[in-house]
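Okay, thanks everyone, let me get the model up on the screen.

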Amino acid sequence: MSKGGVYFPPKLRWMLKRALDDTEGFWGEIAEELYWFKRWDKVFTWDYPRFKWFEGGLTNLSYNCVDYNVKRGRGNRAAIIYENGEGLPNKVLTYNQLHFEVKRFAAALKALGVERGDRVTIYMPMVPEAAVAMLATTRLGAMHSVVFGGFGYGALAERIADAESKIVVTADVGYRRGREVPLKPVVDKALETAGKTVKHVIMLKRSEKELPMTPERDMLWEEALEKGRGTSVEAVQTRADEPAFILYTSGTTAKPKGVVHLHGGYQVYIYAMAKWVYGMNENDVWWATSDIGWIVGHSYVVYAPLLFGCSTIMYEGVPDHPAPDIWWHIIEKHGVTRIFTSPTAVRALMKYGDEWPKKHDLSSLELVVCAGEVLNPPAWEWLQKKVLEDRVPVIDHMWQTESSGPMVGNPYGIALLPTKPGSATIPLPGVDADVVDDEGRPVPPGVKGHFICRRPFPGLTPTIWRNEERYFREYWNRIPGVYYTGDAAIKDEDGYIWFVGRVDEVIKIAAHRIGTIEIESALLKHPAVAEAAVVGKPDPLKGETACAFVVLRNEFSPSEKLKEELRGLVKKTLGPIVIVGDVYFVSKLPKTRSGKIMRRLIKAIVTNQQLGDYSTIEDETAIEEIKRAVQV
């Protein structure tokens, strides 16, 4: 995988070394670029596995995002630009307007009894009011728990109950593909079983329909604002180690984990990585296409762009409705300078061909970044070569809900390294990462192993909400002494990291470990293939064989001949050892609502196991389609 001899510019080499040699000086210096009510006493303390960042410091995430920008004269600049594919009017909030709305909603929450340390569940569509609710909550020193607006009542109830939320903020509906998506009825149903701690539900009304409202508990957004009228709410001076929010991420069979992020380390890390990886600056029109229900939405739709004082786009809708060029249209309309999207979205747009992006002037774009899954070489090549004609870099990178921001990437903001399609590039400054075997020993270049971190960094979650024991067990004790990510990877001779899937997504064929993503990338080279998901299937002779589920591009049809072509392509690309036993053609793959293919679910169906928790799934009919395909 390595071509050998990649040149690392002096500044990058210096930063990588200094981050490890002088951790406190390195992180303390970048933290100085944010506002602190009181400077910290010590940058970093670590009593394995517990750690603290910026101990003694007083700050506030919301203050840095809103008030501080107004104080620095950015009040009339666009802060949030609301766009959609649903035919609704777009909306712009300047920093002055955002400041006004955040203070008003914080006053409303305070009047309803929200105090420092309380939890507020936010179950909202991608509208500016959702960001206002987040910022108002952190302004008070309370914690938000944002739950993606596509979750069903069971998943919502579980998250409300675990967080013991005092307030739920919602809307009557969201909009998707021209249809209304009910939200308030889902909240009502969830609160039938999880409502013990919830005192009030605040609803943003968007449609003409009248919905039942529970007296004393439910109120409209405007009614809540009225309750806070006349109340002045200054930002609480939170300790650096106080939680800003809880964000739930699914386990495989156990209940979802409430990942906790803190006011101090979180803001320093997402700010630093935005600067070093994305080259973010105050003049950007930034667009991360994620929903706020995911960590990308928290860090790079809301918080980091506002820390920089730039303009951030909130988009409600999907990439191909009402037409496959809606995203290209928005880039042209607003002069978007940098966009962050998912490989799934790229593959979805690729399905429609090159003519749609070519209708638009994309000259404002300076950078495209992808994360969520590996950006397979065919998808990278389409975007880099055909859509953008090599004018701007398309870079892949990797991170987790637990890391709050990038862990591995191409440090565009420091020095752009050569791209190796399919690789996430290098562990970033301050991320002491490696690829190791089951005992924690480094593996040689080209050998698959576990991707781990040898020490904490400021954005790393220090705990799971009310379950510290689970946090230590799952992250720090799998391979004692290091942080275990659960990702399988290869490091090449240049230090580039190639992710091959989750550790449980590696197939062992005749004692050879093959990453499912490697096989999927090979399948995607075929012009007929739009998407592919591969899992291992037990085989009495070889241990496992690969089982592939393929979504075809619109102009192609399933056939036995095509199956053989695909098997042959995998063998030709990866070698005869890689045997694809079954190829199934389906119209959709089970994915999370953030676009990740749920290979674990597919594997459970193929091997006739329990499905476990799949509350994050976007479309449950995809499960039935996989079941039908396997049974035929």
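So, let's begin with a helix pair: H6 passes H11 in a right-handed crossing. This is a predicted model, by the way, so keep that in mind throughout. Who makes the contact? On the H6 side you have Ala 131, Met 134, Leu 135 and Thr 138, and H11 brings His 298, Val 302, Tyr 303 and Leu 306. Sort those by class and you get 6 nonpolar residues, 2 polar ones and no charged ones.

Okay, zooming out to the whole thing. The protein chain has 19 helices and 31 strands. How does its radius of gyration sit against the globule rule? We get 24 Å, close to the 26 Å that the rule gives for 632 residues, so the chain is as compact as a globular protein of that length. If you like boxes, the C-alpha atoms fill one of roughly 75 × 60 × 50 Å along the principal axes. Of the 632 residues, 62% count as buried. The chain exposes about 23,900 Å², and carbon and sulfur atoms supply 50% of that. And on contacts: among those with a separation of 6 or more, 70% are between residues 24 or more positions apart.

Next, helix H15, which is residues 468–476. Its buried residues are Arg 470, Tyr 471, Phe 472, Glu 474, Tyr 475 and Trp 476. What covers them? The cover includes E1 and E2, plus strand E15 at 257–262 and strand E25 at 483–491.

The peptide bond joining Tyr 48 and Pro 49 is cis, with omega at about 0 degrees. There's another cis bond to show you, from His 321 to Pro 322, where omega is near 10 degrees. Pro 322 is in a loop too, between strand E17 (311–316) and helix H12 (326–334).

Ser 404 isn't a glycine, yet its phi is positive, about 70 degrees. You'll find Ser 404 in the loop between strand E20 (394–396) and strand E21 (408–409). Asn 608 also has a positive phi without being a glycine, about 60 degrees in this case. Its loop runs between helix H18 (599–606) and helix H19 (621–631). So which of them is buried or exposed? Ser 404 is buried, at a relative accessible area of 0%, whereas Asn 608 counts as exposed, at 70%.

Gly 75 lies between helix H4 (67–71) and strand E4 (78–84). Gly 75 is buried because its relative accessible area is 7%, and the cut-off for buried is under 20%. Skipping neighbours within four places in sequence, Gly 75 is in contact with Asn 69, Val 70, Thr 94, Tyr 95 and Asn 96. For a sense of distance, Gly 75 and Lys 563 are 488 residues apart in sequence and 58 Å apart in space, C-alpha to C-alpha.

Then Glu 282, in the loop between helix H10 (263–277) and strand E16 (285–288). Glu 282 is partly exposed, with a relative accessible area of 31%. Leaving out neighbours within four places again, what does Glu 282 contact? Arg 74, Arg 77, Phe 308, Gly 309 and Cys 310. As for Glu 493, it sits 37 Å from Glu 282, C-alpha to C-alpha, and 211 residues away in sequence.

Last one: Ala 155, in helix H7, residues 153–163. Ala 155 counts as buried, at 9% relative accessibility. Between Ala 155 and Val 368 there are 33 Å in space, C-alpha to C-alpha, with the pair 213 residues apart in sequence.

That's my tour, happy to go back to any of these.

Terms used: Residues numbered from 1 in each chain as written. Predicted model: local features only at pLDDT ≥ 70, side-chain atom pairs only at ≥ 80, totals over all residues. Heavy atoms only, no water. Left-handed = near helix turned anticlockwise from the far one by under 90°. Helix = DSSP H or I, 4+ residues; strand = E, 2+ residues; numbered from the N terminus. Contact = heavy atoms within 4.5 Å. Nonpolar A, V, L, I, M, F, W, Y, C, P; charged D, E, K, R; others polar. Rg over C-alpha atoms; globule rule 2.2 N^0.38 Å. Buried < 20%, exposed > 50% of the residue type's maximum accessible area, 1.4 Å probe, protein only. Areas by Shrake-Rupley, 256 points an atom, 1.4 Å probe, with all protein chains shown as cover.
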